[in-house]
Amino acid sequence: MFTRSDDKITTSQAVVLLTDSILGAGILTMPRDITEKVKTPDAWLSVLLGGIVALLVVWLMTKLSQQFPGKTIFEYARNIVGKIPGSVVSMLMVIYFMIIAGFEIRILAEVNVFYLLEKTPIWAVIIPFIWTAAYLASGGINCIARLFQIIFPVSILILLLSFLLSMRLFELDNLRPFLGEGLPPVLEGLKSSLLIFTGFEIVMVLVGHMQHPQKAVKAMLLGAGIPVILYVFATMIVVGGLSVTAVLRSTWPTLDLLRSFEITGLFFERFEFPFLVIWMMQMFCNFCSQFFVTSLGLSKTFGIKFPLVLFALMPILFIAALIPKTMNDLFALGQTIGYMSIILFALVTVPLSLIYLIRKKGLRKHA
């Protein structure tokens, strides 16, 4: 064993872990990304449809994982398709999670430098976060879950409070006309909306660490449903507060909305700074989840001790985070991750599920 067999999480911890693995940098750029594709006020509908698709995929992944209690995708893939094909599947997952981890830590650093630590080198921001994540992940998934349980309610509270205060700028006319150009623009934005839900594939790791895997379906659907609701709400508030034209001109539309008003008499008159500080913790949670799963996947696939893999990955993630040269490169990488998620579902989840159903009787005999 290369990770502790008693490293388990409760049902509530599984919910928080999945939510924090999905919620991240997407909320800062999502309204612009989706609106660019839709070009109408119906961007929130694309997010809603994308969320429904994501929930269906989460359900399928959870049901598959429940057939192998105590095992993650990196282990049960071999049970289903054999050692070599299973290792290939595992490596596809590892590469995918590694790219997401690099993307999240780079976005975190970019926002930090742009708004809070001006003129600070990007690498000087990335390194401390990678070290902190490595230290946290070395304690196992239960250690990660306990930190997430502390950060989660604070970040959600600040997010909701920020949107509540920004309602003074909200104009319903900015969300009209409803389906003015029909469904085609909404469906066009569906592809981009899938990007913001990337990371839900971690379900195939979380179920294997749950103390009560029989409760996994409700837990995973709830864990994925919270980000769906928040993202739909965020898109409606940002587009309704800024208008489609203003959102399209903005790099960070959510932050620009919060910068558009001041609240006199409160401890914080400008709310983008407390929001940023708290949301960077949320982005760190997202990065930490991907970092842990990447390390776990390599450890399980190659039989290397988990701590060795964890610390060996640190310089690789650092280099990966610095590969995009400009913000356009970074946003292009984000779009690529969205397409990778679709491809991964087509190449991994669906085939594994079908093969498992075909070989179900044989697998049960050897269990």
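Which residues does Gly140 touch, not counting residues up to four places away in sequence? Gly140 touches Asp7 and Phe292, where contact means heavy atoms within 4.5 Å. This is a predicted model, in which local features need pLDDT of at least 70, side-chain atom pairs count only at pLDDT 80 or more, and totals for chains, interfaces and linings use all residues. Residues are numbered from 1 along each chain as its sequence is written, and side-chain values use heavy atoms, with hydrogens and water left out. Helices are DSSP runs (H or I, at least four residues), numbered from the N terminus.

**Gly140**

- Gly140 lies in the loop between α6 (122–137) and α7.
- With a relative accessible area of 6%, Gly140 is buried. Buried means under 20% relative accessible area, exposed over 50%, and partly exposed in between (1.4 Å probe, protein chains only).
- Asp7 is 133 residues from Gly140 in sequence, but the two are 6.5 Å apart in space, C-alpha to C-alpha.

**Helix α7 with α10**

- Two packed helices are described by the angle between their axes and the distance between the axes. Axes are lines fitted to C-alpha atoms, for helices over the stretch in contact, and angles run from 0 to 180 degrees between N-to-C directions.
- Helix α7 (residues 141–165) and helix α10 (residues 216–242) have axes that come within 11 Å and cross at roughly 25°. That makes α7 roughly parallel to α10. Angles under 35 degrees count as roughly parallel, over 145 as roughly antiparallel, 65 to 115 as roughly perpendicular and the rest as oblique.
- The crossing of α7 and α10 is left-handed. Left-handed means that the near helix is turned anticlockwise from the far one by less than a right angle, and right-handed means clockwise.
- From α7, the contact uses Phe152, Ile156, Leu159, Leu160 and Phe163. They meet Ile226, Leu230, Phe233, Ala234, Ile237 and Val238 in α10.
- The residues of this contact of α7 with α10 are 11 nonpolar, no polar and no charged. Ala, Val, Leu, Ile, Met, Phe, Trp, Tyr, Cys and Pro count as nonpolar, Asp, Glu, Lys and Arg as charged, and the others, Gly among them, as polar.

**Helix α10 itself**

- α10 has 27 residues and reaches 39 Å from its first C-alpha to its last. That is close to the 39 Å expected at 1.5 Å a residue, where the expected span is 1.5 Å times one less than the number of residues.
- α10 is mostly covered, with 20 of its 27 residues buried.

**Helix α7 with α1**

- Helix α1 (residues 11–22) packs on α7 at an angle of about 75°, with their axes 9 Å apart. That makes α1 roughly perpendicular to α7.
- Ser12, Gln13, Val16, Leu17, Thr19 and Asp20 are the α1 residues that meet α7. Their α7 partners include Ile141, Ala145, Arg146 and Phe152.
- The contact of α1 with α7 divides into seven nonpolar, five polar and two charged residues.

**The loop between α7 and α8**

- Ser166 lies in the loop between α7 and α8 (184–193). Ser166 counts as buried, at 1% relative accessibility.
- Ser166 and Leu258 are 92 residues apart along the chain, and their C-alpha atoms are separated by 6.6 Å.
- Pro177 also lies in the loop between α7 and α8. The peptide bond from Arg176 to Pro177 is cis, with omega near 0°.

**Helix α5 with α14**

- α5 and helix α14 (residues 306–322) pack at an angle of about 65°, with their axes 8 Å apart. Their crossing is right-handed.
- Met98, Ala101, Gly102, Ile105 and Arg106 of α5 make the contact with Leu313, Ile316, Leu317, Ala321 and Leu322 of α14.
- This contact of α5 with α14 holds eight nonpolar residues, one polar and one charged.
- Arg106 lies in helix α5. With a relative accessible area of 5%, Arg106 is buried.
- Not counting residues up to four places away in sequence, Arg106 touches several residues, among them Ile122, Ile126, Pro324 and Leu330.

**Positive phi in two lysines**

- Lys39 has a positive phi of about 60° although it is not a glycine. Lys39 lies in the loop between α2 (26–38) and α3 (43–66), and counts as exposed at 58% relative accessibility.
- Lys119 has a positive phi near 70°. Lys119 lies in the loop between α5 (83–116) and α6, and is exposed, with a relative accessible area of 78%.
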